[in-house]
Amino acid sequence: MYIYERYILNHISFMNTTNLTNCDYEPIHIPGKIQAHGFLITLNDDFNISGCSENIKEFIAITATECLGKHISILDDLLGKANSPSFIVQLIQLYTTRKGFEPANPYLIEIGGLHYNLILCKQTTGYLLEFENELSDLDLDIRDNIGHSLSEILSDTDLSQLLDNAANEIKKIIGYDRVMVYRFHEDDHGEVIVDVKNEGLESLLNIHYPASDIPKQARHLYIKNLTRIIADVNAKTSDIIALGSTMTMAFDLTHSTLRAVSPIHIQYLKNMGVASSFSISIIHKGQLWGLIACHNYSPRFINYKQRAASRLISQVLSSALSYKQMELDQVRIADLQAAVETLSKQLLRNDTVDHALFEHDVKILHVTESTGAVLFFDNQIYKCGQTPDDDFLKDLRIWLNEYIHLDVFSTDHLPQQNPLAIPYKDCASGILVCRLSKEMGEYLIWFKPERISTVTWAGNPEKPVTIDDQGIASISPRTSFAKWTQTIALTSEPWKKTDIKCAMLLMDEVAFAISRKANEVRVLNERIKKAYEELDAFSYTISHDLKNPISSIKGYSQLLSRNPSLNDQAQYMVKRIEEGADKMKNMVGDVLHYSLVGEYSRKPTVIDMAKLLNDTKDELLIASHSPALSINILNTIDLIGDPTMIMQVFSNLLNNAVKYSKEAKFPEVTVACEDTGETVIYAIRDNGIGIEAGDHGKIFELFKRSDRVKDYEGSGVGLSIVRRIMDKHSGKIWLESEPGQGSVFYVAFNKELSGVH
Ligand code: ADP
């Protein structure tokens with residue numbers, strides 16, 4: 001297996017470098033020569049002869065040098081047109097006045113009793129005249145047959161049958177030994193997908209040929225000039241003689257039918273045993289989809305009409321192909337697009353991105369033809385189908401971030417590009433990636449498993465490289481076409497354009513959903529902020545306005561208690577009213593404090609924590625009346641913040657620590673702090689009643705107290721105030737506590753962000 005992988009890599013690098021030395025650069029459209037089965041004349045715009053093939057003398061009684069520089073009318077007599085002076089000029093003028101000068105529309109002409117096709121072509125400057133034999137040994141009436149052929153071809157709706165019919169019909173028209181349909185793959189190498197041949201010939205069906213067998217510029221010519229005949233690989237070529245200093249190489253023979261063939265290609269055909277070759281281009285969406293490649297093993301010329309009929313068949317085939325391909329694509333794309341639409345609806349509902357893509361019947365997986373899909377989003381990995389494990393996925397994300405600079409990337413041979421993927425070839429030989437955010441490393445990824453395939457090449461596809469005296473590398477065509485089988489591993493089925501298109505559609509939908517969600521969060525934040533402000537204003541007003549009525553209740557109940565006419569029971573009730581009023585007054589005071597936290601936005605100042613803590617300690621010791629109580633301040637680090645608020649934090653925490661440890665035999669409260677680099681953390685520890693784990697979150701909410709503290713005074717507001725102040729200072733608060741084990745409250749102040757906001 002490994003050898004094959006190396007082979008593929010070698011082959012790819014070979015094709016990209018050495019391959020280009022002489023094949024891809026050979027100027028095959030300006031060879032300065034033509035094939036032997038006709039003669040060529042070039043005219044300038046004044047109809048004077050600017051170039052002529054040397055072999056003209058073999059067809060008419062004049063030499064090339066005698067023609068050069070003369071007006072084309074000197075050939076009238078020799079071409080049997082003495083009675084219609086300057087008939088070629090008239091012919092050209094007739095063609096020119098017609099809408100669209102048909103480049104290869106032939107004119108039948110008789111010279112010395114033989115029929116020739118005169119093929120006229122307009123060049124950038126001047127004209128190209130080619131005289132080509134009309135001879136044909138086929139008795140088939142092409143005009144009669146072509147209609148029948150076309151209906152035969154189109155009688156099948158199946159694409160491969162359509163191609164098969166076309167090859168059969170063309171074989172009938174041109175009478176060649178073999179007619180193949182040769183299809184180009186994405187990497188430009190070709191494969192024989194139809195092989196209609198004479199009995200006894202070896203089948204070439206499904207044989208692959210490397211891209212270098214048909215070099216780039218030859219493929220370009222196949223798009224411009226749809227048919228190409230090589231009448232006899234052994235026939236001598238004829239040079240084109242040019243007028244004066246004109247280079248014969250200057251004649252662009254792109255549209256010529258007689259253009260001589262590259263010696264490399266001639267050698268290639270000879271090595272294959274082919275004597276004549278004819279090819280017709282199959283074009284799909286402006287690209288060379290394939291060729292109808294026809295071979296004859298003895299020289300065989302096919303005339304213009306036969307070639308034109310074959311070309312017509314190929315053009316009809318091209319259209320049918322486009323239509324069929326479109327039909328197939330449309331069915332596929334309709335399914336995939338329907339999945340994208342469903343997912344986008346799911347995204348539009350008030351759903352999270354991961355839920356919308358993974359938790360419904362239609363999932364991210366259905367958007368492409370894949371076997372697994374992954375979403376990297378919000379520091380999470382979401383998966384469905386067959387995917388690699390999280391360890392590899394994390395590595396893959398790093399690799400994508402580092403090496404892939406495209407928003408959309410696909411490969412059908414990931415393990416060859418990233419060796420870490422080799423152990424995951426069963427699910428990740430192919431990946432299609434859409435990037436949501438490079439900064440956040442967020443991606444949508446689809447996976448395809450390994451597909452081991454066997455390719456049979458027509459001989460070892462590496463052409464031998466020879467180095468000449470000057471050290472220049474060149475390639476000579478293969479001499480052996482013995483079948484050479486190759487196993488291709490570590491690759492998946494290729495990704496289709498429809499897959500990529502639908503993945504990109506989904507990527508847009510997800511990006512839109514993310515930005516919409518981000519906006520919603522911003523709006524919600526704004527609303528919460530506003531609600532907080534309103535709540536603060538409300539709490540402040542209520543607590544402020546309640547102060548007076550509470551004082552009145554207290555005042556009147558005190559007056560009432562002094563009334564001697566009240567019996568004991570009434571006295572007791574009045575006392576409870578007074579206590580209630582006190583409690584209410586405290587609560588209102590606390591709420592007032594709570595609401596005021598939102599108000600403070602003083603400039604942060606450095607706070608002398610030793611002083612603050614020692615003052616608080618002294619007050620607490622005086623107020624507690626407990627000689628057993630000890631408060632230890634182990635060390636202090638100054639903080640930056642709002643002095644009043646920071647004082648409230650420590651006063652509340654220390655108060656609680658003292659309050660909830662008063663039942664201990666030796667109540668002990670300790671304050672210590674630590675600088676972790678980024679934060680300063682204070683810990684307030686007590687040996688009091690402790691807090692149940694279930695209450696750890698609840699006690700920071702307004703008015704929430706644990707059930708165990710019914711006998712302790714308090715309103716449940718203190719820790720809410722502390723938490724709010726910590727938020728204001730971009731700090732954190734948390735605790736460690738168990739019932740009966742005391743409590744430790746931690747407050748962490750971020751040194752960078754501790755300024756109040
Ligand atoms: P209050 O102490 O006025 O009830 P707080 O908001 O300060 O209100 O505290 C909320 C609740 O947290 C308390 O009622 C108590 O149940 C629990 N608590 C706070 N600090 C301590 C502590 N050091 N030890 C035990 N329980 C505590």
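Which residues of α5 are buried?

What we have here is a predicted model. The protein chain averages a pLDDT of 85, and 88% of the residues score at least 70. Over residues 1–21, however, the pLDDT is below 50, and this stretch has 37 contacts in the model beyond near neighbours in sequence. The secondary structure of the chain comes to 17 helices and 29 strands. Of its 757 residues, 47% count as buried. Turning to contacts between residues at least 6 apart in sequence, 65% of them join residues at least 24 apart.

Now to α5. This helix covers residues 159–174, which makes 16 residues. As to the opening question, the buried residues are Leu159, Leu162, Leu163, Asn165, Ala166, Ala167, Glu169, Ile170, Lys171, Ile173 and Ile174. In that list one finds leucines, alanines and isoleucines, but also Asn165, Glu169 and Lys171. Just after α5, Gly175 takes a positive phi of about 65°.

Next, the cysteines. How many disulfides does the structure hold? The number is zero. For Cys67 the reason is distance: the closest cysteine sulfur, in Cys52, is 4.3 Å from the sulfur of Cys67, and therefore too far for a bond. The cut-off for a disulfide is 2.5 Å between the sulfur atoms. Cys67 counts as buried because its relative accessibility is 0%. Cys294, at 1% relative accessibility, also counts as buried; the threshold in both cases is under 20%.

Finally, I turn to the second largest pocket. Its volume is about 1,000 Å³. The pocket is lined by 40 residues, and those nearest its centre are Lys659, Tyr660, Glu713, Gly714 and Ser715. Which element gives the largest share of this lining? That is α16, with eight residues. The helix α16 spans 643–659, and at least two lining residues each come from α16, α14 (568–597), β27 (679–686), α17 (718–728) and β29 (743–750).

Note on methods:
Residues numbered from 1 in each chain as written. Predicted model: local features only at pLDDT ≥ 70, side-chain atom pairs only at ≥ 80, totals over all residues. Heavy atoms only, no water. Buried < 20%, exposed > 50% of the residue type's maximum accessible area, 1.4 Å probe, protein only. pLDDT = per-residue confidence, 0-100. Contact = heavy atoms within 4.5 Å. Helix = DSSP H or I, 4+ residues; strand = E, 2+ residues; numbered from the N terminus. Expected span 1.5 Å × (residues − 1). 1 Å grid on protein atoms, 1.4 Å probe; cavity = no way out; pocket = protein on both sides within 12 Å on 5 of 7 lines; lining within 4 Å. Points joined across faces, edges and corners; volume = space filled by probe spheres on them.
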